[in-house]
Amino acid sequence: MKQLTIALIALTVMAAGCTSPVSKTSVEEVKTTPEYTGEAVNHEFAALPYAYDALEPYIDAQTMEIHYSLHHQGYYNNFLKAVEATGVQNASLEFIFENISTLSSAVKNNAGGYYNHSFFWSVLAPAGSGGEPSEALFEAINNAFGSLEGLKEKFNAAATGQFGSGWSWLVVQKDGTLAVTGSANQDNPLMDIAEVKGQPILAIDVWEHAYYLKYKNKRVDYVQNFWNIVNWNEVNRLYQEAL
Ligand SMILES: [Fe+2]
């Protein structure tokens with residue numbers, strides 16, 4: 001009984017301590033989103049540039065249909081809702097990403113999901129139709145990774161090593177050199193919070209929704225097969241544009 005009384009007194013003292021006023025000595029830095037002065041953008045949901053079964057056998061038609069018409073469409077719809085009345089609803093995605101740390105996580109996740117998927121579709125093509133790295137891109141790959149195989153190794157390691165959901169990217173950095181980086185969730189290298197920033201020229205989605213129906217838990221096989229359906233023609237174009 002004596003022990004219980006002591007315990008009750010101790011709890012009362014602790015509770016009283018919790019209700020005493022706490023003085024805050026630090027003030028969090030409040031960032032405001034700068035005004036967007038560029039041309040107003042009407043964000044649209046573009047059609048998939050090929051049929052759902054176009055990337056077979058490496059990505060199956062059912063996965064493509066669910067991925068595009070449910071997941072991607074969902075990110076787009078939720079992006080429009082999240083960005084409404086923020087003042088940047090008609091800003092370019094590039095501007096939004098450059099200032100993402102000033103916006104809500106709902107804008108970050110859904111703007112990322114909207115852009116990342118549009119980008120991903122554009123750098124894929126039916127097997128045998130995507131061409132090859134251009135001479136200029138090939139040279140940049142050799143300089144950065146030693147060889148095309150070196151790039152694949154680094155890119156695949158980022159893709160398979162990404163814990164949980166995310167992406168692996170090949171980007172052109174500010175100085176024009178290439179780098180491989182990974183991102184969690186729907187983050188991307190255009191965001192001001194990215195560890196490695198740059199203009200994306202290739203990416204792979206390693207969320208389970210991108211491969212689970214066909215590959216189950218074998219993300220490694222999905223990542224290796226991805227190289228059969230890279231749209232090098234588009235990657236070459238993006239590389240020249242980024243320089
Ligand atoms: Fe996805």
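pLDDT is the predictor's confidence in each residue, on a scale from 0 to 100. The structure described here is a predicted model. Its protein chain averages a pLDDT of 91, and 88% of the residues score at least 70. Residues 1-26 stand apart: pLDDT stays under 50 there. Over this stretch the model has zero contacts beyond four places in sequence.

Strand S1 spans residues 166-172. S1 pairs with S2 in the antiparallel sense over seven bridges. Within this pairing, Trp167 has Ser183 of S2 as its bridge partner. The two strands form a hairpin, with five residues between them. In the turn, Gly176 has a positive phi of about 90 degrees. S1 also pairs with S3, again in the antiparallel sense, over six bridges. Here Leu170 is bridged to Leu202 of S3.

Strand S3 covers residues 199-205. Six of its seven residues are buried, so S3 too is largely enclosed by the rest of the structure.

In soluble globular proteins, nonpolar side chains tend to be buried together. The largest nonpolar core of this model holds 53 residues. Ile96, Ala111, Leu170 and Ile201 touch the most other members. Leu170, the bridge partner of Leu202, is also in contact with Ile201. Beyond its neighbours within four places in sequence, Ile201 contacts Val171 and Val172 as well.

Notes
Residues numbered from 1 in each chain as written. Predicted model: local features only at pLDDT ≥ 70, side-chain atom pairs only at ≥ 80, totals over all residues. Contact = placed C-beta atoms within 7 Å. Buried ≥ 20, exposed ≤ 12 C-beta atoms within 10 Å, placed from the backbone. Helix = DSSP H or I, 4+ residues; strand = E, 2+ residues; numbered from the N terminus. Pairing = 2+ DSSP bridges. Core = buried A, V, L, I, M, F, W, Y, C linked by C-beta atoms within 7 Å.
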